[in-house]
Each structure stands twice: as structure tokens, then as C-alpha cells.
Amino acid sequence: MNFMPLTARKARGEGTIVRVGDQQVGGLRLTVIAGPCAVESEEQLLATARAVKGAGAMFLRGGAYKPRTSPYEFQGLREEALRMLALAKAETGLKVVTELMDARHLEKVGEVADVFQIGSRNMQNFTLLDEVGRCVKPVLLKRGMAATLEELLLAAERIAAGGNRDIILCERGIRTFETATRNTLDLNAVPYLKRWSHLPVIVDPSHGTGHWWMVPHLARAAVAVGADGIIVEVHFQPENALCDGFQSLTPASFERMMGEVRPVAEAMGREL
Ligand code: PEP
Ligand code: MN
């Protein structure tokens, strides 16, 4: 293991709690981040935000800038989406997590985001990591799809070295020989990262599986293995989603999943 003076467990001992206004990630209370893959319309975002808030989510997710593999697919509503996120935040009080793809967008994304998401594809975009390292805003750092845990920790260390210690690690599945699922959700990551780092760790069972019907199973497993929270894609009409509908829960299935996760949280001595 490389030298990591800021993010290593031994640098702090107890786990870091990342505070986001009246919410937090880390500590006894589990964090639930939910919402669409991408912000598509005011109606879509508001309906989904109200539903996930009602079911107990504390944070709203939703991409304004989408890192799509194909340049011909929906790339996100960008500034329009930021306006819609601000609206949803004002109405529901949910904290907003949205992806920062480019340092040139830092200011305008930062106006609405309570947490900057650094996506899997940018986990080793070192100039972007340096930029968010200089910010005073929490960062949700997703594991690169082909990154080792040590590389993830070193990416977090880079952010911390810039001065920003409010970092949340996220396991979102890795590429393996398996093609039946979109990714292989590496739940090994959770106890490993928590042993070697004091940073909170959350799990993304949506990208981790790529199948909506698998999401509740892996959400329960994530909590059982010690995750500090989950980030889940929810869409009010998954069949009409412009992005990742196949792995998105409906509001009803999200609510059901929350009911299933709660007893696991209790068994783990956590609150939800
Ligand atoms: C996302 O959460 O919207 C996303 C694009 O995920 P990842 O970066 O993990 O692929
Ligand atoms: Mn997605």
C-alpha cells in the first residue's frame, strides 16, 4: 500500500463524517442518495424527487452533464438541468449530488451541487481531482471501472492533498469477464476501504448490476457488509428514461427496497 498520510485509517483512527448541511455521510446513520441517472425534465425530476424524499432519501442525484460512451446519445440538459436541480432542492430540501465532468463548469455546477460527483470515467482525471481538491465542497469519488482499490485511495489522497478532506468513496462495480451484469459489484471494496481509510464508503448497486431487479438485493448486501450508504437510480417512468432506465427503480420499488434495507441496517447497528 502506497503512502497516504491524509486518507489512511491510521491518520485519524475514527471514521470521518462528511457533513453536508443538516445531513451527513458516515457515522451511525446511513445515507441514501436517490434520483434519476440524468435530469430529463422538470416534471421527471420533481416527481422523482418528491417520491424519493417521501420514501426516506436524504440526497437527490441526477446528472446534468452526462459522460455517455456514445457521442450520439443524450448528453444531459446541462445548464437547464442545473436550474431544475435547484428547483427540486428548493421544493424538497433534498441535498443535491451531481456530476462535475469538467473544471470549466465548477462554478455553475457548484451553485446547485451540495456534493460534487466525480464519475468513474474521471477517477484518474488528475487535473479535475486537483480542482475539486481546492474546493470547500464535499466530493463523491466513484471508483474507476478498471481501477484498483489502491488507485481509488490515491485519487482520494490527491483530493485531500489539495486541502479538501470531505471525500466520500463509492464502489460502483468493476469490469470483469462477466457480461450477464453491467459490472461486477465488488463488495470486497467496502470492508477493505474501511479498514485502510477513515473515509466513508457508499455503494452504487444500480451501475454495479445494470438490472433494476437486482438493485434491492445488492443494496441490502451493501449495508450488511458495512457501507455507510447507497446511491440508487430511480425514475418515475423507467421505460421512458433517456439514460439507464433498465437499472432504474420505480418510486414504488424504491420505497419497497427502503423497507427491506431498514431491518438489515438495524441488524448492523445502524440507523435509517
Ligand atoms: C452516474 O452515477 O451517473 C454515473 C455515470 O456513474 P459512473 O460514473 O459510476 O459510471
Ligand atoms: Mn446512470
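Contact, as used in this briefing, means heavy atoms within 4.5 Å. The structure is a predicted model, in which local features need pLDDT of at least 70, side-chain atom pairs count only at pLDDT 80 or more, and totals for chains, interfaces and linings use all residues. Residues are numbered from 1 along each chain as its sequence is written, chains are lettered from A and ligands numbered from 1 in the order in which they are written, and side-chain values use heavy atoms, with hydrogens and water left out. Helices (H or I, at least four residues) and strands (E, at least two) are DSSP runs numbered from the N terminus. Buried denotes under 20% relative accessible area, exposed over 50%, and partly exposed the range in between (1.4 Å probe, protein chains only).

**Manganese site**

- Cys37 (SG), His207 (NE2), Glu233 (OE) and Asp244 (OD) coordinate the manganese ion (ligand 2) at 2.0 to 2.4 Å. Donors are N, O and S atoms within 2.8 Å of the metal (3.2 Å for Na, K and Ca); water is not among the atoms, so sites may look incomplete.
- Along the chain, the donors of this manganese ion are spaced as C-x169-H-x25-E-x10-D. His207 belongs to helix α7 (residues 205-209) and Glu233 to strand β10 (residues 229-233), so this pair ties together parts that are 26 residues apart in sequence.
- Both His207 and Glu233 are buried.
- Asp244 is found in the loop between β10 and α9 (251-267). With a relative accessible area of 9%, Asp244 is buried.
- The phi of Asp244 is near 60°, a positive value in a residue other than glycine. Most residues other than glycine have a negative phi.

**Pocket and cavity**

- Grid points are joined across faces, edges and corners, and a volume is the space filled by probe spheres set on the points.
- The largest pocket holds about 350 Å³ of space. It is lined by 21 residues, of which Pro67, Arg121, Arg172, Arg182 and His207 are the closest to its centre.
- The lining of the largest pocket comprises 11 charged, 6 polar and 4 nonpolar residues. In this classification Ala, Val, Leu, Ile, Met, Phe, Trp, Tyr, Cys and Pro count as nonpolar, Asp, Glu, Lys and Arg as charged, and the others, Gly among them, as polar.
- There is 1 cavity of 30 Å³ or more in the structure, and the volume of the largest cavity is about 40 Å³.
- Residues lining the largest cavity include Cys37, Arg61, Lys66, Glu99 and Gln117. Strand β5 (residues 95-99) gives the most to this lining, with 3 residues.
- By class, the cavity lining has 4 polar, 3 charged and 2 nonpolar residues.

**Helix α5 and its surroundings**

- Helix α5 (residues 149-161) has 13 residues and reaches 18 Å from its first C-alpha to its last, close to the expected 18 Å. The expected span is 1.5 Å times one less than the number of residues.
- Among the buried residues of α5 are Leu149, Leu152, Leu153, Ala156 and Glu157. The buried residues of this helix pack against α4, β7 (139-142), β8 (167-171) and α6 (189-196).
- Just after α5, Gly163 adopts a positive phi of about 120°.
- In the loop between β7 and α5 lies Ala146, which is exposed with a relative accessible area of 71%.
- Tyr192, in helix α6, is partly exposed at 34% relative accessibility. Not counting residues up to four places away in sequence, Tyr192 touches Met1 and Leu149.

**Other loop residues**

- Asn122 occupies the loop between β6 (115-118) and α4 (126-133), and at 12% relative accessibility it counts as buried.
- Leaving aside neighbours within four places in sequence, Asn122 is in contact with Glu99, Met101, Leu128 and Leu129.
- Arg78 is located in the loop between β4 (59-61) and α2 (79-92). Although not a glycine, Arg78 has a positive phi of about 55°, and its relative accessible area of 40% makes it partly exposed.

Methods: On a 1 Å grid over the protein atoms alone, a cavity is a set of points where a 1.4 Å probe fits but cannot get out, and a pocket is an open set with protein on both sides within 12 Å along at least five of seven lines; lining residues have an atom within 4 Å of a point.
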